[in-house]
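I have the structure open in a viewer.

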Amino acid sequence: NNNNNNNNNNKISRRQRTTVMASSSSEAGGDGLILQRGEGESNAFDSIAIGSPIVKYFQSDNDTERWVMWYTGRREVGTSGNNSDENKRDQITAATFGHDESLTSGEIGIAVSEDGIVWRRGGSPTETYRTGGDAEGFENLSVDVGAVLYPNNEDWWVFDTSHVSVGDVHMISSGNVSGGASGGIYWMYYQGGDKEEVDGVEGVRTRPGLCLSQDGRNWARIEGEHHTHAVFDVGNEGEWDELCIRDPKLLLAGPKDMRLFYHSIDKVTNIFRIGVANSKDGFQWQKNSSGFILDAGPEGSIDDLGVKSPCVARIGRNEYIMFYEALSSKHPGKSTICVAKSQDGIKWERASAPALGFGEDGTWDEGGVGRPYVVPMAENKLRLYYEGRSAANGLGVGIGLAVSIGDDMFSFVRRKSVMTAA
């Protein structure tokens, strides 16, 4: 059961547009910054906020690399999405994007790179753009960048009518699920919010959904088992995840062993916790029967106000490593990125210090770092992509990159910036 590619959200715009490439500048003050929001760009889907990077790289037969980043953007209220003059059939109104002001989420876009460091992004709906040698570093790259998924304007009762945010993207074949061999397609797990108000605020209650794509750009929504078409629901009243399901990240742990890690918020204490759901096929999910798997740390610790946005990887046969966003009473409102290890993916042992702290005063990410996404590299190195936030309002203003120090997976240093912070 899926909403086929006749969904208006999946249509490709062929209007005139521009693409934006990160500057090669290495001036001080922007350490780690690799991609900025489209601030000041007319009608850009990421003009207000940018975050939740999901990064993959593909290697061709001639050893050239192709990097792709899916990320979340939020536009300025009052600008149109895919309902502009050239596309009247898509009647998403500007009011669609007037949800909870504390959330970066709004729409999902795509950026491309040849090295995972210098990126090309676009602000409007995707269109194939061949550089033709006009941009250094992209001479031979066909670029298809910009917004790829909007809030759902097909049915009023579905879970994602107000805003969407990418959770994770994987190239998955039926063999990944069953253990056999088959060609692959892109699976995107994402969170969506509807127009229900919680304590007077729209879009707070979010649920997880699934889209499939053959090219990573044109997405077909899959109708989940919940009546809102989410793949599973928030918890019942009184349960730890009754308010929301956010930042779903997929781990392919083995044949018929798919795990979706996520976080929720205690609506009474505002404490963030991390949970997991399990599936054999990626469509039918069962939450962990014991509830959350990672709670806030003890008072005075690096994560005593909560843990969120998990990114879990498997190391060898019997060890898991989780990168997560940590909130501490020592630095209210400023998150760090921390690490925990586990033998079974349920019971976790935390590191005693953050893997990456928020930026120094005056830097682009001084308001906090979060939503980590880790990419393994050669020689046991790790790249850590993250969302950097403004100290003024806590929204994401850029995507950053840090690299592991030596063989230590618990300590990272920001990479020299390829951009100058605005």
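**Before selecting anything**

The coordinates are those of a predicted model. In total, the structure holds 21 salt bridges, and the tour visits some of them.

**Stop 1: Glu107 and Arg75**

Select Glu107 and Arg75 and show their side chains. The two form a salt bridge, with 2.6 Å between the closest N and O atoms. Glu107 belongs to strand E5, which covers residues 107-113, while Arg75 sits in the loop between strand E4 (65-74) and E5. The partners are 32 residues apart, and the pair links distant parts of the chain.

**Stop 2: Arg207 and Asp194**

Next, select Arg207 and Asp194. Their closest N and O atoms lie 3.6 Å apart, and the pair forms a salt bridge. Arg207 is in strand E13 (residues 206-213), and Asp194 is in the loop between strand E10 (184-193) and strand E11 (197-198), so the contact ties together parts that are 13 residues apart in sequence. Are these side chains buried or exposed? Arg207 has a relative accessibility of 8% and therefore counts as buried, the limit being under 20%. Asp194, at 11%, counts as buried as well.

**Stop 3: Arg371 and Asp247**

Move on to Arg371 and Asp247, whose side chains meet in a salt bridge with an N to O distance of 3.1 Å. Colour by strand here: Arg371 lies in E23 (residues 369-376) and Asp247 in E15 (residues 246-254), so this pair ties together parts that are 124 residues apart in sequence. Arg371 counts as buried because its relative accessibility is 12%. Asp247 counts as buried too, at 1% relative accessibility.

**Stop 4: Cys244 and Cys338**

Finally, select Cys244 and Cys338. Cys244 is buried, its relative accessible area being 0%. Cys338 is buried at a relative accessible area of 1%. How many disulfides does a search of the whole structure find? The search finds 0. A disulfide would be a covalent bond between the sulfur atoms of two cysteines.

Methods:
Residues numbered from 1 in each chain as written. Predicted model: local features only at pLDDT ≥ 70, side-chain atom pairs only at ≥ 80, totals over all residues. Heavy atoms only, no water. Salt bridge = Lys/Arg side-chain N within 4 Å of Asp/Glu carboxyl O. Helix = DSSP H or I, 4+ residues; strand = E, 2+ residues; numbered from the N terminus. Buried < 20%, exposed > 50% of the residue type's maximum accessible area, 1.4 Å probe, protein only. Disulfide = S-S within 2.5 Å.
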